[in-house]
Amino acid sequence: MTLTQLRYLVAIADSGLNITLAAERVHATQPGLSKQLKQLEDELGFQLFVRKGRSLEGIAPAGERVIEHARRILAEAANIRSYAANERGEYSGRLLLATTHTQARYVLPPVIAAIRREFPRVDVDLQAASDAEVLQLLHDGADLALISTAGSTPGGGLAVPLYGWRRVLLVPASHPLAALRRAPTLAELAQHPLISYESSTRADSSMRRAFAAAGVEPQIAMTARDANLIKTYVRAGLGAGLLAEMAVGPREDEDLRILPAPTQIPDCITWAVVPRGRVLREYALALLHGVAPQLDRRDLRRVLEGNLDADWPTPPSWQELSQSITV
């Protein structure tokens, strides 16, 4: 049994039993991958997949157990490589980061620029996705994920609070809410079409819960996962935009009016989520410190390695953090 065979096995499972796709993911030929799978099954003495002719139709019950163990073995092998690279002071490689469009566009550029300056031989693979997809990308192999929630701690790994932020309203100068010059109530906001992030369509979203608690229903005219799209349609007159404060700037949005969101809509926290037991490379720890300067790299490493209980410092607000993040 080899690590290559286990890697091929997991690739097949993660590719929906598509041998061709699995071979592409592991940079192997389809015949080579099939040969390694047969050798593994011959050694184990049973089939890992349910077959119909030459096609794989499902994972056998015993195969599920083997794949579960294979994932753990491959994760530990990766940890050993990361630990060895850190010990050697080898700062080259690839950092796979999963996050939302807002973080990718408005928060991470100066941080990633600093990482590239400090670690010029590191390639950053930034995958921007919706809230629902970010943790799946982490499960599929991302080194870490950045995701925001309204107070609750995200699952999927060890969650580290980075900073807090609030939501704001963006409206054209001619919009009725612009004349308020204050945060509207939820009842006032419900009288107008609203444009927000696509997560607002979920019944369990913090925005939906806030409106429901107030006994009013929002008029969601449109949703998008990208803040720039929300702004575009606010300018087109489709409604008031509800978006993250870091996505709004007085210079780029000087043609629009910025209002505080209703006080009943809770503030959010941006978290880093790291798979439990993962040994992070030094440049990944540097990125986390860049987004959250209040974190000590040594303590962060010790917590991730299980040698220190997590006792994170209070995360700063976005306004406080943005003053320390510079290109």
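Phe-119 counts as buried, because its relative accessibility is 4% and the cut-off for burial is under 20%. The model is predicted. Phe-119 sits in the loop between helix H5 (101–118) and strand S4 (122–129).

What does Phe-119 touch, leaving out residues up to four places away in sequence? The contacts are Tyr-91, Glu-282, Tyr-283 and Ala-286. A further pairing involves Ser-92, which is 27 residues from Phe-119 along the chain. The C-alpha atoms of Phe-119 and Ser-92 are separated by 7.2 Å.

## Domains

The domain assignment divides the chain into domain 1, domain 2 and domain 3. Domain 1 covers 3–87. Domain 2 is built from two segments, 91–165 and 268–325. Domain 3 also has two segments, 169–202 and 215–260.

How far apart are the centres of domain 1 and domain 2? Taken over C-alpha atoms, the separation is 29 Å. Contacts between these two domains involve five residues of domain 1 and seven residues of domain 2.

UniProt lists residues 1–59 as "domain: HTH lysR-type", in an unreviewed entry. Over residues 1–59 the chain is 58% helix and 15% strand. The end C-alpha atoms of that stretch lie 19 Å apart.

Glu-41 belongs to helix H3, which runs over residues 30–44. Is Glu-41 buried or exposed? Glu-41 counts as buried, because its relative accessibility is 8%, against a cut-off of under 20%. Setting aside residues up to four places away in sequence, Glu-41 touches Phe-46, Gln-47, Leu-48, Phe-49 and Arg-51.

## Two serines in the loop between S8 and H8

Ser-205 lies in the loop between strand S8 (193–197) and helix H8 (206–214). Ser-200 is found in the loop between S8 and H8. Ser-205 is buried, with a relative accessible area of 6%. Ser-200 is buried as well, at 5%.

Which residues does Ser-205 touch, not counting those up to four places away in sequence? They are Ser-199 and Ser-200. Ser-200 is in contact with Ser-205, Met-207, Arg-208 and Ile-220, leaving aside its neighbours within four places in sequence. Ser-205 can also be placed against Ala-150, 55 residues away along the chain. The C-alpha atoms of Ser-205 and Ala-150 are separated by 8.6 Å.

## The chain as a whole

The secondary structure comes to twelve helices and twelve strands. Along the principal axes, the C-alpha atoms fill a box of roughly 75 × 50 × 30 Å. The chain has 327 residues, and 45% of them are buried. Among contacts with a separation of 6 or more, 72% join residues 24 or more positions apart.

The accessible surface of the chain is about 16,500 Å². Carbon and sulfur atoms account for 50% of that surface. How many positive and negative side chains does the chain have? There are 36 positive and 36 negative side chains. The centres of the two sets lie 3 Å apart.

Conventions: Residues numbered from 1 in each chain as written. Predicted model: local features only at pLDDT ≥ 70, side-chain atom pairs only at ≥ 80, totals over all residues. Heavy atoms only, no water. UniProt positions renumbered as here; feature names shortened; annotations may be inferred. Helix = DSSP H or I, 4+ residues; strand = E, 2+ residues; numbered from the N terminus. Buried < 20%, exposed > 50% of the residue type's maximum accessible area, 1.4 Å probe, protein only. Contact = heavy atoms within 4.5 Å. Areas by Shrake-Rupley, 256 points an atom, 1.4 Å probe, with all protein chains shown as cover. Lys, Arg positive; Asp, Glu negative; His and termini not counted. Charge placed at Lys NZ, Arg CZ, Asp CG, Glu CD. Domains from an automatic or database assignment.
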